[in-house]
Amino acid sequence: MKKIASFIILLGLFISCVRDKKSTEPKTDYGVYTPPIALGEYCCFKKNSYWVYEDSLSGKIDCTYVTSAQVTTYNVSANSGKDYTGTFHYYNMYTKDGIGDIRQYEVHDEDAAQGAKCCGGRYYCEIHWNRPPGPVDSMGGSTPGIYFGSYTYMFNNFNDGTTGGSGHGEQCWSKGQLNNITINNILYSNSVVFENFVNIADQNWVVHPYRFKNYIVKNVGVVKRIDIDSNRTWLLKRYSVSQ
């Protein structure tokens, strides 16, 4: 019995030492964290930033502008239960276009840190797309609102062929990074191309696929968009942005 008791005591001491070792293992300290590719520099801008586009087929002009934007800075402490600490940023921006569609852009830089050990730090910018109800007419009715759902806008992996998605099966394909692109005689650098597939419901909730390709420039935003199925191209005419 003494041998058994001694063994139990030793086992308990061993388990206690293992626990103490795990609890004292050093955590990765990211400090004030910035991902290698910061998607906020491509996707998120301050309130009152705007972009004016021209339709290649009709010459129609449309404008997208930022109605609100916030950057939240927060700390992950050693007591968070995570294997890292640091200061991280969360970007949240809303835009509105000429027909009233509202898009919410979200970027969580912490996602890149969380995925650094297993996924190469891969993370994404996600959009929630909503069309509010139309104005009330003389009969008291209005056009119903439509929620198109969420979809992946772009990844921080700019290599050709990168695919993925979120929401209701919407997908995003990276077409690779361009060295430069010229739009209306203006040369833009640091451009990356992403093709998106989004399911859109009409007023009768019949789902229609909508495919578009965005040419996105760092610190500028979208400079060119192709509506693939209609072969319609929107080109940036002018813009005013701040980040």
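Cys 125 is in no disulfide, and the nearest cysteine sulfur, that of Cys 43, is 3.3 Å away. A disulfide here is a pair of cysteine sulfur atoms within 2.5 Å, and the count by this rule is zero. Cys 125 is also buried, with a relative accessible area of 0%.

A quick word on the ground rules. The model is predicted, so local features need pLDDT of at least 70 and side-chain atom pairs count only at pLDDT 80 or more, while totals for chains, interfaces and linings use all residues. Residues are numbered from 1 along each chain as its sequence is written, and side-chain values use heavy atoms, with hydrogens and water left out.

On to the rings. Rings of Phe, Tyr and Trp (its six-membered ring) pair if their centres lie within 6.5 Å, and the planes count as stacked under 30 degrees apart, edge-to-face over 60 and tilted for the rest. That rule gives 15 aromatic pairs. One of them joins Phe 45 and Trp 51, edge-to-face, at 5.2 Å centre to centre with 75° between the planes. Both Phe 45 and Trp 51 are buried. Tyr 84 and Phe 88 are edge-to-face too, because their planes stand at 75°, with the ring centres 5.8 Å apart. Tyr 84 is buried at a relative accessible area of 5%, and Phe 88 is buried at 0% relative accessibility.

Tyr 84 is found in strand E4 (residues 84-96); strands (E, at least two residues) and helices (H or I, at least four) are DSSP runs numbered from the N terminus. The C-alpha atoms of Tyr 84 and Gln 114 are separated by 8.6 Å, although the residues are 30 apart along the chain.

Strand E7 (residues 146-155) is mostly covered, with nine of its ten residues buried. Strands pair if DSSP finds at least two bridges between them, and eight bridges join E7 to strand E6 (residues 124-131), running antiparallel. Within this pairing, His 128 stands opposite Ser 150 in E7.

Two asparagines have a positive phi. Asn 48, in the loop between helix H2 (40-43) and strand E2 (50-55), has a phi of about 80° although it is not a glycine. Asn 48 is exposed, because its relative accessibility is 58%. Asn 219 has a phi near 65° and sits in the loop between E11 and strand E12 (221-227). At 36% relative accessibility, Asn 219 counts as partly exposed.

Definitions and conventions:
Buried < 20%, exposed > 50% of the residue type's maximum accessible area, 1.4 Å probe, protein only.
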